[in-house]
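Thank you all for making the time this morning.

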Amino acid sequence: MIHLYENDRYTEHRASSKGNQLKFRRGDFWYKADFTGYEGLTEYTVSKLLAYSDLTAEEYVDYDLEEIEYNGNIYPACKSRDFSDGWQMYTLERLFEQNFGIGLNKLIYTTPDRRDRLRLLVDQVERLTGLDDFGGYMSKILTIDALFLNEDRHTHNLAILRNDRKEYRLVPFFDQGAGLLADTTVDYPLGRDIIEMIPRVKAKTFCDSFDEQLDIAEELYGERIRFRFGFPEVDRIVNAATGYSEEIRKRVIDIVMQMRHKYQYLFR
C-alpha cells in the first residue's frame, strides 16, 4: 500500500466521459484509484495481455496493481511508470483546436462518411506533426479497444507527445480502464449476464460500433496486431489480482475469453 497526499494529486481540467477518477503522481509513477468499479484490474489485465501480442514493450504502458491510502480511505488502484521523458502530452482534441480553431470531435461528427472520418483524423495528424504511419497506429489502438471493450477512447483520450522543439512522437497505448465492463456502479452491475451486456458497450472514437471502426481501420491501414494468449495466460494473470473478489476475477476472465472467441482471427 502507498500513502498519498493532496500534493500528489493530479487534477485534470476535463472530465472523462466515465467520471473523475482519482489520479496521483509521485516521482516517476502515476497512480489511478478505482472509481466506478474495477478499472485498476482492467488496466493491469489488458497491459499484461498485450505482452502476448506483436507489440514491443515500448509500444504500450505496463500497469501493476496497488492499494492507495488517501484522506483516510483505502482504494484499489493501479500504477504505471511515467513514459513522457520530459515531453508534453497533447491530446488530438487540443491539437486540432489550436491549428483549426475547431475540435477534432466536432470535425469528425460533422463528416458524414465514417471512412472519411478516420482518414481526416490520420491525414491531418500526419500533416501537422510529421509522424509517419499514424494510420497503422490507429489500427492498432482500435483493435485493442475492440478486443477489450474500451468505451472511453474519445478525442481527449487520443494523444501524442511534443517537446520544446515542436517535435512529435507517438504515445504508447494506455488508459484501458474503461474496458472489460469495469463500470459496475452504473452501466454494468455485478451479477448481470455478460453476454447480454457486451453488445451494449459503445465505441466513441469516430462511431459507436467497435466492429465498424475496426473494419474501416483494417480496410484503410491493414491488420497491424495479432495476439497469442489463451485461457491459461488469462487465468494466471487475473487470478494473481487477489485484491479483487473471486466474482470480479471470474467475470473478467469470462469477458476476455468471450471477446477472444469473437475476434478469433486476431489470434495466431
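Leaving aside its neighbours within four places in sequence, F134 is in contact with L92, L121, V122, V125, E126, I160 and L170, where contact means heavy atoms within 4.5 Å. Before I go further, please note that this is a predicted model, in which local features need pLDDT of at least 70 and side-chain atom pairs count only at pLDDT 80 or more, while totals for chains, interfaces and linings use all residues. Residues are numbered from 1 along each chain as its sequence is written, and side-chain values use heavy atoms, with hydrogens and water left out.

F134 is found in helix α5; helices here are DSSP runs of H or I with at least four residues, strands are runs of E with at least two, and both are numbered from the N terminus. Is F134 buried or exposed? With a relative accessibility of 1%, F134 counts as buried, a term that stands for under 20% relative accessible area, with exposed meaning over 50% and partly exposed lying in between, all with a 1.4 Å probe and protein chains only. For a sense of distance, the C-alpha atoms of F134 and A57 are separated by 19 Å, and the two are 77 residues apart along the chain.

Let me now turn to the core. The largest nonpolar core has 75 residues, and those touching the most other members are L121, F134, M138, F148, L181 and F227; such a core is a set of buried Ala, Val, Leu, Ile, Met, Phe, Trp, Tyr and Cys residues joined through side-chain atoms within 4.5 Å. Helix α5, residues 134-148, gives the most to this core, contributing nine residues. There is also a second, separate core of nine residues, which includes I2, L4, F24 and I68.

Another phenylalanine deserves a moment. F96 has its place in helix α2, residues 92-100, and at 0% relative accessibility F96 counts as buried. Leaving aside neighbours within four places in sequence, its contacts include L104, L107, L120, L121 and V125. Between F96 and D235, which are 139 residues apart in sequence, the C-alpha to C-alpha distance is 42 Å.

D133, in the loop between α4 (114-129) and α5, has a positive phi of about 55° although it is not a glycine, and at 39% relative accessibility D133 counts as partly exposed. D175 lies in the loop between β9 (168-170) and α6 (194-197), and its phi is near 60°, a positive value in a residue other than glycine. With 15% relative accessibility, D175 counts as buried.

Finally, the protein as a whole. It has nine helices and nine strands. The radius of gyration is 18 Å, close to the 18 Å that the globule rule gives for 268 residues, so the protein is as compact as a globular protein of that length; this radius is taken over C-alpha atoms, and the rule is 2.2 Å times the number of residues to the power 0.38. Along its principal axes the C-alpha trace spans about 45 × 45 × 35 Å, and buried residues make up 52% of the 268 residues. Among contacts with a separation of 6 or more, 70% are between residues 24 or more positions apart.
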